[in-house]
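Please look through the model below with these notes beside it. They go point by point, from one chain to the contacts between parts.

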Amino acid sequence: MLAARRAPLFAFTFAVLAALGGCEKKPTAAAGGAAPEAPKAEAKPADPATPPADADTILLGEVGSLTGSEATFGISTKNGIQMAIEEVNAAGGVTVNGKPKKLAVRVYDDQGKPEEAANAVTRLISQDRVVAILGEVASSNSLAMAPRAQAAKVPMVSPSSTNPKVTEVGDFIFRVCFIDPFQGTVMAKFATETLKAKNVAILKDNKSDYSLGLSQFFTETFTKQGGTIVAEEAYSKGDTDFRGQLTVIKGKKPDAIYVPGYYTDVGVIARQARELGVTAPMMGGDGWESEKLFELGGAAIDGSYFSNHYSTDNPSPVVQGFIKGFEAKFGSKPDSLAALGYDAAMVVVEALKRAGSTDGQKLRDELAKTNNHGGIAGTITLDDKRNAVKPAVILQVKDGHTAYVATISP
Amino acid sequence: MSDLLQHVLNGLAAGTIYALVALGYTMVYGVLKLINFAHGDVMMVGVYVGYASAKQMGRDTSSSFLGVTLVFLLSMAMCAALGFLIERFAYRPLRDKPKLTALITAIGMSFFLSYSFQLEASLGGLTVLPGAAPRAFPDVITSQVWLIIGDVVVSNKQVISVVVALALMGGLQFLVFRTRFGMAMRAVSFDHRTAGLMGIPVDRVIALTFMLGSALAAGAGILYAIKDTLVQPLMGVTVGLKAFVAAVIGGIGHVPGAVVGSLCLGLVEEFVVGYGGSTWRDAVAFGFLIAVLLFRPEGIFGRVTAEKV
């Protein structure tokens, strides 16, 4: 009797558990639902079993953090890529092997986790047979993806991973943004020349290749120019209490604090720094780039500086046109990740057009020849290490928006 | 010297948050011998309820005393209901199964909550699931920072957390050892079958324990969000893990033990950051746990119980 009454409850519990197990292993399940602001997401997914060369569409793959704490990175990038693909399709698509074809993007969510990103790449290559892969934003995730793309000889273009190691994985890995040594150098130059800082404290994310890289290159340039790093403190992604590190930093009385983390942490760090009475300005990198920074940091983040890929204040008609189109479509201003997503997709499209083929090797060779491509976030020329060489801008946070301060060239 | 004092204050404030979460862990464990890994995620749900209700009230209303109280009560009530549902549908059917089954279900429940909250969904204009983007918790308690001795600062939020944690600890201790309900809880904890035979409504006692634990989690979560601002779906995971460690250090199932363990953990972490090197913080925190488990597996306050074979 008792057992019989309980049976349906067991069934329910196991159903919940089974659903859970399913959710976790299938990043696709989340990919569609995670971004309802883009209802027409990722166009028509081609039948994954059919190699796209036989179909009317060319399938590109994308891996991004559509959920997780850096979700705005993935969502912005996805929107930028979507815009590029729709523009290309509206203009007639690309001609491959003499036939006109449309483009489609298959997006997988990696929840911001490197291991999920690597799995997604394997899936894109072996199941969806994509021609090229776009992604990721976070360097740790790109580093997990790159070896698999390289092994399968599928070109991978990262829109915005700035850690140098990413493209060092192999000759099929590209990026359309500048790299950390440059970004760290730019901030070090800005700190010594404009802020006249002599003593700087660093607060870095110990679990992030991006953050560690940036602080290393900042330190190298800054000490070479005669500055002193008075404190080097660390935290781990997921922390929300930084008062211990900030108390140590406060005791060292720095002129400025370099926080090369992601916006999620930076906003909270700024609040706690001001609460503890630390008044030195904060400096950071492109990981600060998100509308969320202003909400999370509130008034505490005002007056801080960060290096970035582009500024929405750029008067160029191409940039302003992109901003207008993006705003009309997604209802918000494109951040630099959206701009770089757009650029990455366009660089791949141009290479596809030049190659006239979806062959991995041919596409790679054409990607490597990318020269003076007029992107939204600066002109892109890929060097022999497959990195883009382009200037950086310094932005300052002011009352809930960013103001352009300076452009620093390589 | 002022650094030292500041570190002590920071560590105590961090430890208090662990303590508030650890109290819920330890209470449920005390009664059910179940480590409710979904506890941190229930806390996260409570924070979102608090976030939504504070936003709904607007800044002026929610920062009044009545408003803040309402934010707390709403979120605690919602979490109590959630705790009831979780117990009823996920844990109760497995009560007579091996302990491991319930433990795995608890882990599943934790993932279920933290990952479904990363999706976005709304029903008729009402947001049901918030999505992954991090948010800043509204300033329902206006931040005040007091300077004490030199440049050592203490904020009103830290003081409030400490007072609330101590009050809750006292309240729980009273509930468990001085009330009829507490006596029923202890009887169920001792042996739930026999307790049932003695006429104790086991199901009701366990359900109420879960509701109480979940309401505690919600209160802790809101204090945490007020102190550290950041609201995001995975926030329960880290805090939940640290609070669990703290509860084990103090002796899991022991109410004052949870508080002492949490304050110890908060201070240890803070001192590692302040004087040892911030890269070592988590390593030392979990090393501390291993050391406690090696030399005093029952925790600081735990009692050694002989296992009946």
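1. Chain B has 11 helices and 6 strands. Helices (H or I, at least four residues) and strands (E, at least two) are DSSP runs, numbered from the N terminus. The radius of gyration of chain B is 19 Å, close to the 19 Å from the globule rule for 309 residues, so chain B is as compact as a globular protein of that length. That radius is taken over C-alpha atoms, and the rule is 2.2 Å times the number of residues to the power 0.38. Along the principal axes, the C-alpha atoms of chain B fill a box of roughly 60 × 55 × 35 Å.

2. A word on the basis. This is a predicted model, in which local features need pLDDT of at least 70 and side-chain atom pairs count only at pLDDT 80 or more, while totals for chains, interfaces and linings use all residues; side-chain values use heavy atoms, with hydrogens and water left out. Residues are numbered from 1 along each chain as its sequence is written, and chains are lettered from A and ligands numbered from 1 in the order in which they are written.

3. How many residues of chain B are in contact with chain A? The number is 47, and they meet 44 residues of chain A. Contact means heavy atoms within 4.5 Å. The area buried between the two chains is about 3,900 Å², with 57% of it from carbon and sulfur atoms. Buried area is the accessible area (1.4 Å probe) that two parts lose on being put together, summed over both.

4. Between chain B and chain A there are 3 salt bridges. A salt bridge is a side-chain nitrogen of Lys or Arg within 4 Å of a carboxyl oxygen of Asp or Glu. One such pair is B:Asp228 with A:Arg243, whose closest N and O atoms are 2.8 Å apart.

5. Which element gives the most to the side of chain B that touches chain A? It is α4(B), with 6 residues. By class, this side of chain B has 20 nonpolar, 14 polar and 13 charged residues. Ala, Val, Leu, Ile, Met, Phe, Trp, Tyr, Cys and Pro count as nonpolar, Asp, Glu, Lys and Arg as charged, and the others, Gly among them, as polar.

6. B:Arg281 and A:Asp239 form a salt bridge, with the closest N and O atoms 2.6 Å apart. B:Arg281 lies in helix α11 of chain B and A:Asp239 in the loop between β8 (228-235) and α9 (243-252) of chain A, so the pair joins two chains.

7. Chain A is assigned domain 1 (11-178 + 319-390) and domain 2 (180-308). Such bounds come from an automatic or database domain assignment. The two domains of chain A bury about 1,600 Å² between them, 50% of it on carbon and sulfur atoms. Their interface holds 1 salt bridge. A:Glu70 forms a salt bridge with A:Lys237, the closest N and O atoms being 3.3 Å apart.

8. Check two backbone details. The peptide bond from A:Gly135 to A:Glu136 is cis, with omega near -10°. A:Gln111 has phi near 55°, a positive value in a residue other than glycine.
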